[in-house]
Protein chains: 2
Amino acid sequence: MSDPMTLNQRIVLASRPVGAPTPENFRMERVALPDLADGQVLLKTIFLSLDPYMRGRMSDAPSYAAPVEIGEVMTGGAVSRVERSLNPKFQEGDLVVGATGWQSHSINDGRSIIPIPALPSPSMALGVLGMPGMTAYMGLMDIGQPKAGETLVVAAASGAVGSVVGQVAKIKGLRVVGVAGGADKCRYVVDELGFDACIDHKSADFADELAQACPKGIDIYYENVGGKVFDAVVPLLNPKARIPLCGLIASYNAHEAPSGPDRLPLLQRTLLTKRVRIQGFIVFDDYGDRQPEFLSAMAPWVRDGKVKFREDVVDGLEQAPDAFIGLLEGRNFGKLVVRVSRD
Amino acid sequence: MSDPMTLNQRIVLASRPVGAPTPENFRMERVALPDLADGQVLLKTIFLSLDPYMRGRMSDAPSYAAPVEIGEVMTGGAVSRVERSLNPKFQEGDLVVGATGWQSHSINDGRSIIPIPALPSPSMALGVLGMPGMTAYMGLMDIGQPKAGETLVVAAASGAVGSVVGQVAKIKGLRVVGVAGGADKCRYVVDELGFDACIDHKSADFADELAQACPKGIDIYYENVGGKVFDAVVPLLNPKARIPLCGLIASYNAHEAPSGPDRLPLLQRTLLTKRVRIQGFIVFDDYGDRQPEFLSAMAPWVRDGKVKFREDVVDGLEQAPDAFIGLLEGRNFGKLVVRVSRD
């Protein structure tokens with residue numbers, strides 16, 4: 001059987017960035033999709049997730065995942081609707097989530113997509129109930145080992161991961177101090193998300209203000225940024241502090257070893273004398289089997305308003321490169337998603 | 001009752017070192033000990049342990065333990081014999097271990113010394129069955145989580161900690177690669193201790209030789225040195241590698257932040273992309289309650305020759321400063337102890 005031809009709009013990697021990505025690193029293409037084979041489904045992308053880890057995939061430096069090749073579709077998680085199905089497990093109209101990439105349509109054999117339940121907005125499957133939410137939850141709970149009365153600091157506190165880290169830590173009884181860029185984000189973090197304090201990393205007195213907000217030191221630093229926030233945190237770490245490390249957005253655009261001073265010896269000495277644990281993790285590699293545990297904790301919190309979230313929705317696939325460049329600069333405010341289709 | 005006067009020979013901290021310690025940082029004194037009070041015991045030091053951590057106590061930089069004050073007796077663990085006892089728990093002639101310091105005699109209320117059993121040499125209570133042995137065992141087992149077939153690297157492989165780390169890892173079925181300074185130490189590590197390989201860190205091709213000795217990468221790096229060994233290890237780390245961190249002797253004498261390049265971003269990126277765990281620990285603070293577990297594992301291994309040890313014995317308390325300076329330079333070969341008294 002021949003399909004009516006579907007025209008796919010897709011964004012491919014045109015060239016590898018040196019430093020910060022530019023629009024020239026991306027290219028929009030329109031191509032006809034092949035016919036569906038038996039067992040396949042045709043997906044129409046509704047929401048595309050934009051996340052900092054994608055910067056790593058644009059480079060061919062050794063990493064935990066293979067790079068996107070030049071000319072290949074940019075990688076990314078998305079919520080899609082099943083448009084046609086030659087797979088008995090999926091029906092037309094089903095909503096699914098999967099790493100289907102920066103494109104308007106995709107063809108899938110059904111093995112790398114999973115159905116999502118009814119949600120107030122399907123984009124939640126890309127944020128608070130998806131990869132960023134699970135990253136926040138597993139890193140905090142498994143590596144952070146939060147205890148009531150302790151102090152937690154998290155950067156990018158208004159973002160997809162940081163906002164969940166802080167709210168879950170509040171539920172667990174910790175003092176929670178966020179770090180964010182600008183007064184608007186800081187106000188949101190304290191007034192809406194309920195953090196105890198939020199420090200603007202653009203402040204000239206950032207390190208002093210962070211110290212004042214942490215009078216009992218820092219027991220957990222949830223690291224999703226790197227850079228100068230880390231430097232201000234290190235002297236405040238308490239004995240037996242834990243540092244879950246899920247991202248380093250501040251250094252993703254770096255393309256050469258920074259000049260000195262060499263900060264490694266100080267970190268090593270702090271790890272030793274304060275008996276600190278620092279541990280990197282990749283959520284689905286390390287905790288993929290614990291998704292049911294995550295969802296059974298998080299879904300009720302979200303439903304009951306104990307964990308709030310904010311989305312920064314950009315309209316149109318063609319806006320994805322610019323929105324992604326802005327994400328790396330901290331321009332977004334909340335979980336960044338692209339609405340690829342309105343129908 | 002008046003005691004016959006006991007003259008105590010002791011070494012005090014004369015001044016704080018800037019960089020490597022020099023003989024001028026120490027001063028030998030002879031003082032009369034006060035009379036014994038009720039509940040006290042008079043101890044005569046037999047063996048004094050010299051360990052890298054003592055360098056930290058000579059500085060007043062913030063650390064996990066209070067510094068030795070100027071004019072105070074240098075801190076240190078030792079095996080002593082009870083000379084006189086006004087404490088019902090101790091009898092004349094008992095051997096005990098405790099942090100009694102760099103001196104020929106000490107007075108103790110009995111609460112910070114523990115009796116030691118009959119051993120081939122009482123100095124074993126300062127090495128393989130004491131603090132260094134327990135440091136090796138707990139860091140390897142609790143943080144390292146060794147699994148048969150994995151590859152472990154340990155530096156200072158002929159030393160008090162490294163030698164035990166590697167031998168226990170061999171018992172657990174790992175491939176074990178040591179790093180040591182010079183051909184004699186490397187030969188001993190392979191031929192006597194049974195490591196699979198040992199690389200001389202003085203070799204011009206050190207990083208390449210280490211890589212060749214670890215064809216399957218590194219799963220555990222037991223860090224007790226820091227410096228360039230760490231740099232050579234980082235690129236070889238496997239996903240989910242573990243780094244127990246018990247010491248940084250290579251940087252103990254540093255007194256200013258080293259010039260660049262800044263190695264911290266590379267380490268952070270490695271921790272993230274390889275999902276590495278690095279954790280500092282202080283053996284008695286973190287694992288003090290697990291001493292029975294350690295002794296019940298280690299004592300039979302030592303008795304049966306499965307864990308061998310080597311001591312570097314220096315004669316006379318007055319030699320302690322020079323021997324300690326040499327320890328920081330890697331001049332010792334085996335666990336360094338000072339024989340303070342022959343009777």
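In this predicted model, A:V96 is in contact with A:L43, A:A78, A:V79, A:S80, A:V82, A:F90, A:I113, A:I114, A:P115 and A:I116, if its neighbours within four places in sequence are left aside. The residue A:V96 belongs to strand β5 of chain A, which covers residues 95-98. With a relative accessible area of 1%, A:V96 counts as buried, because that term applies to values under 20%.

Elsewhere in chain A, helix α10, made up of residues 320-328, is mostly covered, with eight of its nine residues buried. These buried residues are A:A320, A:P321, A:A323, A:F324, A:I325, A:G326, A:L327 and A:L328. The cover over them includes strands β1 (7-13), β2 (26-32), β3 (41-49), β14 (311-315) and β15 (335-339), together with helix α1 (54-57), all of chain A. Just after α10(A) comes A:G330, whose phi is positive, at about 80 degrees.

From the single chain we can turn to the pair. Chain A is superposed on chain B by a rotation of 180 degrees with 0.0 Å of shift along its axis, and the RMSD is 0.0 Å. This is the relation of a two-fold axis. Within chain A, the C-alpha nearest that axis belongs to A:G260, at 1.6 Å from it. As for the interface, 100% of the interface residues of chain A are also interface residues in chain B, and therefore the copies meet through the same surface.

Notes
Residues are numbered from 1 along each chain as its sequence is written. Chains are lettered from A and ligands numbered from 1 in the order in which they are written. This is a predicted model: local features need pLDDT of at least 70, side-chain atom pairs count only at pLDDT 80 or more; totals for chains, interfaces and linings use all residues. Side-chain values use heavy atoms; hydrogens and water are left out. Helices (H or I, at least four residues) and strands (E, at least two) are DSSP runs, numbered from the N terminus. Buried means under 20% relative accessible area, exposed over 50%, partly exposed in between (1.4 Å probe, protein chains only). Contact means heavy atoms within 4.5 Å. Copies are superposed by least squares on the C-alpha atoms of residues with pLDDT of at least 70 in both.
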